[in-house]
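Please consider the following predicted model. A short exchange on selected elements accompanies it.

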Amino acid sequence: MPTFASFDGLRLNYTVWEGDGAHHPVLLQHGFAADTNANWISTGVVAALRAAGLTVISLDARGHGRSEKPHDEAAYTGDSMARDISALLDELALDEVSLVGYSMGAIIALASTASDKRIRRLATGGVGSGIVDFGGVDLRVVKPAEIASALLAEDPSTVPPSGVPFRLLADATGGDRQALAAVALASSSQGSLNLSAIGVPTLVLAGDQDLLAAEPERLAAAIAGARLVRIPGDHMTAVMSPAFSETLVAFLTAPQPR
């Protein structure tokens with residue numbers, strides 16, 4: 001798998017599946033404790049995008065997948081993951097892309113789209129009014145310290161209930177739990193996202209049982225012209241729904257508004 005050096009020298013892994021060139025390439029950014037395989041390949045999303053002829057690029061975020069995994073919280077603070085998106089676009093010499101992010105990846109995608117004009121279309125999944133109220137993860141559902149505690153617990157039976165899904169996912173994907181805990185703690189300093197800076201066609205996908213994507217209509221209303229589509233499922237299952245991939249493909253292949 002190819003790697004590249006991001007803005008701070010950290011080496012990140014990415015994958016490219018070439019398409020027919022009829023549409024903008026699609027860059028996928030996965031969620032917390034997941035990776036390219038867990039979020040996009042095993043769920044059928046990559047297969048659906050490729051069947052539509054799209055060129056697909058997937059980035060393993062720092063601390064995840066096959067990318068480097070520093071244990072220092074400082075490696076994940078601020079806009080580092082959004083800057084990784086821009087660094088990958090530089091690496092691949094891409095002037096126009098569509099960007100799709102899920103959960104943590106959606107937070108990254110929103111920040112990237114607000115700051116990088118090469119992103120011409122945006123789709124988010126797994127987030128809702130937490131973006132508007134907290135600038136990231138919905139703190140009414142789970143707090144970064146609880147996630148970190150769940151990841152670092154020596155005895156899984158002592159994990160707080162709110163952190164159980166993250167511990168299970170990290171263990172299932174073989175994640176580096178120390179690195180992931182650092183990612184979670186770095187997100188404690190999340191600030192507001194400049195949603196008013198997003199002026200591209202935007203699709204908000206939200207599972208109808210997803211607690212981390214509560215009130216997605218408030219997120220859609222905060223982004224000019226954004227469209228909301230509810231998908232069957234919760235935070236872990238909505239991305240697996242055929243409706244998720246079908247809606248995403250229709251959005252990414254629609255004619256670009258002028």
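Residues are numbered from 1 along each chain as its sequence is written. The model is predicted, so that local features need pLDDT of at least 70 and side-chain atom pairs count only at pLDDT 80 or more, while totals for chains, interfaces and linings use all residues, and side-chain values use heavy atoms, with hydrogens and water left out.

Reader: Which residue of β2 is the bridge partner of A5?

Author: Strands are DSSP runs (E, at least two residues; helices are H or I, at least four), numbered from the N terminus. Strand β1 (residues 3-5) pairs with β2 in the antiparallel sense over three bridges, where pairing requires at least two DSSP bridges. In β2, the partner of A5 is R11.

Reader: Is T15 buried or exposed?

Author: T15 lies in strand β2, of whose seven residues five are buried. Buried means under 20% relative accessible area, exposed over 50%, and partly exposed in between (1.4 Å probe, protein chains only). With a relative accessible area of 11%, T15 is buried.

Reader: What is the relative orientation of α6 and α8?

Author: The axes of α6 (residues 144-152) and α8 (residues 177-186) come within 8 Å and cross at roughly 170 degrees. Axes are lines fitted to C-alpha atoms over the stretch in contact (heavy atoms within 4.5 Å), with angles from 0 to 180 degrees between N-to-C directions. Angles under 35 degrees count as roughly parallel, over 145 as roughly antiparallel, 65 to 115 as roughly perpendicular and the rest as oblique. The orientation of α6 to α8 is therefore roughly antiparallel.
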